Amino acid sequence: MLCAPTGRAARRLSDTTGLEAKTIHRLLEVNPRDGRFRRDDHHPLDCDLVVVDETSMVDVPLMASLLRALPSHAAALFVGDVDQLPSVGPGQVLADLLTCGVVPVVRLTDVFRQAAESRIITNAHRINSGEMPEMTARDERADFYFVDAQEPDEAARKIVQLVKGRIPDRFGLHAARDVQVLCPMNRGASGAKTLNVELQKALNPGQSGQPRLERFGWTFAPGDKVMQIENDYDKEVYNGDLGFIASIDLELGSLVIDFDGRPVTYQAAELDRVVLAYATTIHKSQGSEYPAVVIPVTTQHFPMLQRNLIYTGITRGKRLVVLVGQKKALAIAVRNVEARRRWSKLREWLASPAFPISRGAS
């Protein structure tokens, strides 16, 4: 059985393997009304092996529920990048599994020739090693760029110009579908909230007479790029899923969002689960990939300038990554590995002589 913590990560896993992959919640058959799982130690999963992708996003309670539902004869294979941001929920499960000295670990460290031709990959490795990324000359054709902007307002203006015109013109990408702005924070002139408003004006100005729906601080219009921000198991739409508004019915106060060709109807009262998604935070992008990524990096976001945050944002881009801001801010992020410490006893418990696995038991 294949699974991942988010719907988008599960779809990527399914696309890669050609096999069915589910979110961990769906695999465990969650009850959407009370959040409890039908699969547990009394009703385990029917499998011999569970493969979990994007394990860095899995917190302690969810991992406990998954392992509780694993039959005694089965094995588990965890795949993930420990250098990315840790889980939103408590714990640091992947890091503890890697460092306990008990669980067999394979680390993929080599950058092969084909991958080495991508500056996205080589610069991600440089940042992960505490080195500044190699910058691309202005006229050089590459997949990684840095655009200088000394003030947050300037960064915001340049980001809108890049997304609306320069990137689509030069790389043949669709401004809304293919380009994703990823921000360290929601707040500020170069934060996700402000950039969403500016990008909405630039990319979906609308036509006279087009219906618009205002709810929960957002104005929604047909054609807008939106994101689901919590799991909805009844609608089968999950936290981080991206879609486009297909239509709005002002009389009913409802709208229809197209999620990869699947229309889903939302009533007005349900729109607190949806936000504009021309720009989003790097945290919300975990488990996702985009053809092109644009990241503001300014000292305005100083509290969030950390190596694992920038590394996570850069590794979301498949074909193009553009950083916009101050090299000083980027240097601060690359140097800063003093992320808030997470207190966890999992590593110590796994390595303890009192724990069965450390004595060679299955």
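# Getting to know this model

Let's start with Glu 230, which counts as partly exposed because its relative accessible area is 36%. On this scale, buried means under 20% relative accessible area, exposed means over 50%, and partly exposed is in between, using a 1.4 Å probe and protein chains only. What you're looking at is a predicted model, where local features need pLDDT of at least 70, side-chain atom pairs count only at pLDDT 80 or more, and totals for chains, interfaces and linings use all residues. Residues are numbered from 1 along each chain as its sequence is written, and side-chain values use heavy atoms, with hydrogens and water left out.

**Confidence**

- The protein has a mean pLDDT (the predictor's confidence in each residue, from 0 to 100) of 89, and 95% of its residues reach 70 or more.
- Confidence is highest in strand E3, at a mean of 98, and lowest in helix H5 (residues 113-116), at 68; helices (H or I, at least four residues) and strands (E, at least two) are DSSP runs, numbered from the N terminus.

**Salt bridges**

- There are 15 salt bridges in the structure, each being a side-chain nitrogen of Lys or Arg within 4 Å of a carboxyl oxygen of Asp or Glu.
- Back to Glu 230: its salt bridge with Arg 273 has its closest N and O atoms 4.0 Å apart.
- This pair links distant parts of the chain, 43 residues apart, with Arg 273 in the loop between E12 and strand E13 (274-276) and Glu 230 in the loop between E9 and E10.
- Arg 273 is also partly exposed, at 22% relative accessible area.
- Asp 260 is exposed, with 63% relative accessibility, whereas Arg 11 is partly exposed at 34%.
- Arg 12 has a salt bridge too, with Glu 54, and the closest N and O atoms are 3.3 Å apart.
- Arg 12 is in helix H1 and Glu 54 in the loop between E3 and H3, so this pair ties together parts 42 residues apart in sequence.
- Glu 54 is buried, at 7% relative accessible area, while Arg 12 is partly exposed at 26%.

- In helix H3 (residues 60-68), the buried residues are Leu 62, Met 63, Ser 65 and Leu 66.
- Look down the axis of H3 and its buried residues fall within an arc of 160°, so they line one face of the helix; the arc is that of the directions from the helix axis to the C-beta atoms.
- Their cover includes helix H2 (24-27), E3, strand E4 (75-78) and helix H4 (93-99).
- Helix H9 is mostly covered, with eight of its eight residues buried.
- The buried residues of H9 pack against helices H6 (119-128) and H10 (327-335), and against strands E5 (144-148), E6 (179-183), E15 (290-297) and E16 (317-325).
- Thr 312 is in helix H9 (residues 307-314) and counts as buried, at 0% relative accessibility.
- Setting aside neighbours within four places in sequence, Thr 312 is in contact with Gln 84, Leu 85, Ile 282 and Gln 286.

**Loops and backbone**

- Most residues other than glycine have a negative phi.
- Phe 216 has a positive phi, near 55°, and lies in the loop between strand E7 (213-215) and strand E8 (218-220).
- Glu 236 isn't a glycine either, yet its phi is positive at about 60°; its place is in the loop between strand E9 (225-228) and strand E10 (242-249).
- Arg 38 is in the loop between H2 and E3 and, not counting residues up to four places away in sequence, touches Leu 28, Glu 29 and His 43.

Definitions and conventions
Contact means heavy atoms within 4.5 Å.
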